[in-house]
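User: Could you walk me through reading some features of this model? I would like the general idea each time, then the case at hand.

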Amino acid sequence: MSGPTSNIVFDDIFTVTAIDKDGKKFDRVSRLFAHSKSYDMDLTLDFNVELFPLRQDDSFALALASSLSRSGAGGTTEDGDDKERDVWRPDGKGHRGLEDEYDYVMYGKVYKFDGGTSEIVTAYASFGGLLMSLTGSFRHMTSIVLGDPVYLLMRK
Amino acid sequence: MKETVLNQAPKVIKKIQFSLLNAQDTVKISEFEVTHRDLYTATDRLPVKDGVLDQRLGTSNKNAFCETCGQNAVNCVGHYAYIKLIVPVFHIGYFKHTIAILQAICKTCARVLLEESDRRLFSKRFRRPNLENIHRQALSKAVNALARKTVYCPYCSAVNGTVKKVGALRIVHEKFRAKKTAEEMRKWKATFQNAITAQKELGLYLNKAVQEDLNPLKVLDLFRRIPDEDCELIGMQPRWGRPEEFIWQYLSVPPVCIRPSVAQDGASNEDDITVKLTEIVFTNALIKQGLAKGSPTPQFMEQWEFLQLSVAMYINSELPGVPSQPGQKPIRGFVQRLKGKQGRFRGNLSGKRVDFSGRTVISPDPNLRIDEVAVPERVAKVLTYPERVTPYNIERLRLAVRNGPDSHPGANYVARGDNKKFLRFGNRNAIADNLSIGDVVERHIVDGDVVLFNRQPSLHKLSIMCHRAKVRPWRTFRLNECVCGPYNADFDGDEMNLHVPQTEEARTEALELMSVKNNLVTPRNGEPVIAAIQDFITASFLLSRKDTFLDRRQFTQICSYFADANAQIDIPPPAIWKPVSLWTGKQIFSVLMRPSKGSKILVNVESKCHKWEEVKPMNYHERMRLANDLSPNDGWLVIINSEIMCGVMDKATIGSGKKKSIFGVILRDYGPHEAALAMNRLAKLSARYLANYGFSLGISDVIPGPELTKKKDQLVAQAYAECQDIIALAKKGNLENKPGCNQEQTLEAMISSVLSKVREAVGQICMKELSRHNAPLIMATCGSKGSVINVSQMVACVGQQIISGHRVPDGFQDRSLPHFPKKSKEPPSKGFVRNSFYSGLVATEFLFHAISGREGLVDTAVKTAETGYMQRRLMKALEDLTVQYDLSVRNSEGGVVQFTYGDDGLDPSCLEGDAQPIDLDRAWNHIRAIGYYSGQPLLPYEISELANQELSADHFTSSCSKPYCDAVRNFLDSVNKTKVTKCQIQNFLDLCRNKYVKARIEPGSTVGAIGAQSIGEPGTQMTLKTFHFAGVASMNVTLGVPRIKEIINGAKTISTPIISCKLVTSHSEASARIVKGRLEKTLLGDITSILEESWAADYTYLGIIVDMDTVQKLQLELTLDDIKWAIVNTKKLRVKQEAITILPRKYRLRIYLDGPNSYYRLRELARGLPEVVVKGVPMISRAIINIKDKSDDRGDKGDKELLVEGYGLQRCMITEGVVGQQTTSNHVIETAQVLGIEAARRTIINEIQYTMKSHDMIIDPRHVMLLGDVMTYKGEVLGITRFGVAKMKDSVLMLASFEKTTDHLFDAAAFGKADEIAGVSESIIMGNPATLCGTSMPALYSTAPLISKPRQLLFENVTQ
């Protein structure tokens, strides 16, 4: 995990344990089940198989970021996080940042925390309907804020 | 020119007093006496003077003028004449009353046959002030009952017998009917002794003469002698009519205009009434002649009878007892004119023809707003609205006048005062130039005009709604498909009606109360009815599926579908940034709900979609607490701040019938306007997207794949084999019977369950095996049209055909069709169709399918008629119930039906959660999501404190009920309270309060009418599926329309009376059996092994050998003594207790017989004994031990309870082993008898709700409560039938417009009733606005004060 100044709120390497355990329901979207050794996290993620094909036992790096700007400090220079987050340029021009280092980037929102008082919590995020659930110790997810927009970045 | 303010308000009929038309009045209103029978003169074909068509009565001829008033046929109101009858005749309408009076009076002195004490008692009762009609009638009935029993008149001591009707129109008095009058009869007969000796033949007729013939003359004489005081006692009010007026002496001849002659090529065709009148005049003249000449009595009597009959037919041509001539068309008497659906009351008075209306075929147009209706231009040119000219619209109206009637935004008439000009002719430009302020222009309908749109059958208030007109070319009315739901319209040729309100008041009222936007939800239960349907759902589903990805071009294109390039739309960031920017279909809907950042619409909702697959925990890591969101088929909808997190758009989320659908939520949180806007966007989006997508269904969609065919064949074969096994088992007799079933029923039940499982399984395979792009499958999944069963019927297997709840019955001897072996029970021979519609049905299958199809058609036809009548009755019974300013519900007479509407005074159509004003969970999440994060999060105790403080504050306690406040408080105590700010709590509480205040019922609401519609309308949608499983096999309960009918009729005998008894020891099967034995009827035959006859020289007996083994097994608590007494107590057998001896050790009883005929006596006993009830309740046919399948307040799941079929609630309740307090019956009347009226009310409510629920119809409990209260508030259970309604309502006109029209009218006249014109029906008939309901509730109650003429001031003269 990066330091407090970084925009990256979560970062880990996962190994795909299974894909579409419930049966394949959609043509272009699959649900992967993955586990990370380092933080002992469990991940389920809906992803576009055409854009980012993954198979069982593949490993990938996954990061969650609150912004695509490279450093946390960058946020302050561009008059506040709030404004910067929602700005996007349809032509892809403008601010270039974290996404350069990854192959697959999604934008969405963390909308639910589940777990209550126990040690293990689950965070749910939705990227335009593509769901992600991330389960593990709450210690690793302290920077993930409920209701905030979030970028999901993946790289093989 | 300004119209002067009216100083005389228009006349309003406030009351109608019914009375009899007496002879004086008849003559007084007449112009002349009719004496001539001919209609026209032979020479010049003009109406004969003093004939029934005399021109002084008015004229029906367009060219002639009335000789009385000189007006033409259109303006003359008509004048009366009279016929003086030479002999009086009975009035057929009052015939029943005449008999009743004759029964009550002395046939000698004409006093009412009451002792002085009774007379005083009844007089006092009759003179009570404000006596209701119904009580008056009950009293006169009581007088009649008392008086007809009196034999000797208390005043003149004369003998009185029974008075009865003989034949159609004769009354006889059997004077010496009573046995104790034998002496008088002898004396009376003795008076004839002299005559008989003189003329022997008379003796033969003497016995006949005992029956005194009460002819009209005699009756008239009697009636005249009845004193006024006695009139009161027979229910009449001398002020409004005396008994002698019941008898015709003068016949009024009505004006010609109500019986017009129709001239047809030379000959004229006369009305039935005219014909009958000439007949009466003729017969009358004959009698007159006969009397003058002294014709023989028999001839006179014959003519009198004929006159009597003619006069009767003139009033009512359908006399019971008078045979109608076959081949001849029955004439239309006055009664026939009033009666029936097309009669005056229902056809002309309760429903009137209107102007400014149109009707044409409808067609869909998704580009219209939901509150618009496209009106064809040619319709718009005919329908007009009278608009008054003001400085603001004068230019527009000038243009309209110039355009005239033939080009569209034109006008048809211009009116200035009473002067109305048609614009087709004349100089329109001149008129336009002269147009001045204050004129009224009847201009064409233009865009935005308020119109009412309606489709029959108008079963509920949503069947007529207010739209905005949109004038378009072509010839159909067009509406947005979303609005099909409430009208129940489709576009297969349906026609609809359009009305244009003609005043500003009417428009405003229509717009406020009836507009589409204000009727998005049904008042039945508060669920949306106007929502996306069919293709809209399909398109939304396709678009919102998880794997719909759109690039920027596609996304923006689709977003532009929302509107007509007239709205600001902000594109959200793409869901996938890299490798390419892609948006998902769900984001489209996020934009749809909240098109731009400026929009304040933040939707927060979480609900189940149409098809929700549960998350399988084994697929996920065990330490995860699984949320529903992870549903594998995306079947759980979560929307946070108008962003769709997961879930698809389908029937449940954008369709009708779900409160938690998107439109339902927008409606509740942001009002109908925003919901309508979102719906408009969705309609446009869906129609445009789907047209581009090309959704279509072809033969390839119904071809099963090889895998599917194989699996299906396998399943069917397997099921066939299984059925064979069961049949084989049954043949050997090894099949174990199901509780309460015999062998055959068990077999049928088992086979049916196997076969229905097959269809289920095949359906599941279809869902799995068919392609994801299969059109029928998509439609079934998203719920837009069709079900899984429909898909599998097309693709795989049609399945079992059911006819009235069973497999196809035998139409031939022992078999359904000659294609099968006799007595075959195999699936194919009893209607199982293994083929699909695609593969084609074989001949037998086709026939079975047709049989079942026919049944469906017949059902629908029967159902519509039945529910229509039910709806009409409900409406008539409940129409006048309204909420008053004190929130009580009262009828038009002010009788209280409920003290608070629905016990809480809330409006069902404003309720959100489960019959509550707010869905607390959703409201909480909504408030948490939309913001107000600023400020310090509160600690739990601070939250409680804040909540308590707010909830006990004045603005809360004064507007919300205590239970509601408690519910809110409890909710806040139980909810997750992390990171809650003060602002959020405050907002939440404000929301709770606002929603409650909004949900309170408005005074003036016509809750009765709405309740009646809410119960009647779903009835039409019920499939006439009569039976339903209630836990135990074979314990079928009547459901559906027949059951609802039973309940609201207050039927004495119902088809399946069931008493459910809670048992004291509910877990033990053995004790349940014992209780069952106590209740269930056991016959002697059931427990007897042998009935033996014994014949010996000196004794004869019938021996009964009781099978004690069976008695033991059945757990009957029965001794031989009990059996003996049971036999003795069976009256029919006539067995004396001495005749029975008991042999206890042998378990035998012997009935000794002696005397002659003992053989026949013995045979009789042998036949009768097995039927003797030795144990249990005779009215109970059987009892079944039921194991509860779910827990409720009467016990847990798995508890045993006893279901008893039959009557006898009281006996069940007092039976040992039954918990009496928790024993219920589904029989309303029985409950009322045993437990009282409140229990009956509860039963009505519960039973209606249960029946509706089992058809998946949810009705707000308040409507049902109101119905329950209406049926019980008089203290007895009144059915919603003509008898019950007559007891509930006092109004003559209302009852006359319901059923038995003329009976009520004649009654009203006879008893001098008055109608206060207070209810809805009466007001409609009189043309008054219905008082005390709806918008006419706030009225000026004090009469206009009398203001004296202003005093002239001194200086006023100076100025002039």
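User: How much area is buried between chain A and chain B?

Analyst: A word on conventions: this is a predicted model, where local features need pLDDT of at least 70, side-chain atom pairs count only at pLDDT 80 or more, and totals for chains, interfaces and linings use all residues. Residues are numbered from 1 along each chain as its sequence is written, chains are lettered from A and ligands numbered from 1 in the order written, and side-chain values use heavy atoms, leaving out hydrogens and water. Buried area is the accessible area (1.4 Å probe) that two parts lose on being put together, summed over both. Here about 4200 Å² is buried between chain A and chain B, and carbon and sulfur atoms give 55% of that. With contact meaning heavy atoms within 4.5 Å, 47 residues of chain A touch 47 residues of chain B.

User: How many salt bridges does the rule find across the interface of chain A and chain B?

Analyst: The rule asks for a side-chain nitrogen of Lys or Arg within 4 Å of a carboxyl oxygen of Asp or Glu. It finds six across this interface. A salt bridge also joins the side chains of A:Asp27 and B:Arg772, at 2.7 Å from N to O.

User: Now helices: at what angle do the axes of H2 and H4 of chain B cross?

Analyst: Two packed helices are described by the angle between their axes and the distance between the axes. Helices are DSSP runs (H or I, at least four residues), strands likewise (E, at least two), numbered from the N terminus. Axes are lines fitted to C-alpha atoms, for helices over the stretch in contact, with angles from 0 to 180 degrees between N-to-C directions. In chain B, H2 (residues 95–104) and H4 (residues 133–149) have axes that come within 7 Å and cross at roughly 50°. H2(B) and H4(B) are therefore oblique to each other; angles under 35 degrees count as roughly parallel, over 145 as roughly antiparallel, 65 to 115 as roughly perpendicular and the rest as oblique. B:Ala100, B:Gln103 and B:Ala104 of H2(B) meet B:Asn144, B:Ala147 and B:Arg148 of H4(B).

User: And what is the order of the open sheet of four strands in chain B?

Analyst: Two strands pair if DSSP finds at least two bridges between them. The order is S42-S43-S35-S44, with antiparallel pairing. S42 (1180–1187) and S44 (1218–1225) are the edge strands, each pairing on one side only. Inside, S35 (residues 1058–1063) and S43 (residues 1200–1206) of chain B share five bridges, and B:Lys1062 has B:Glu1201 of S43(B) as its bridge partner.
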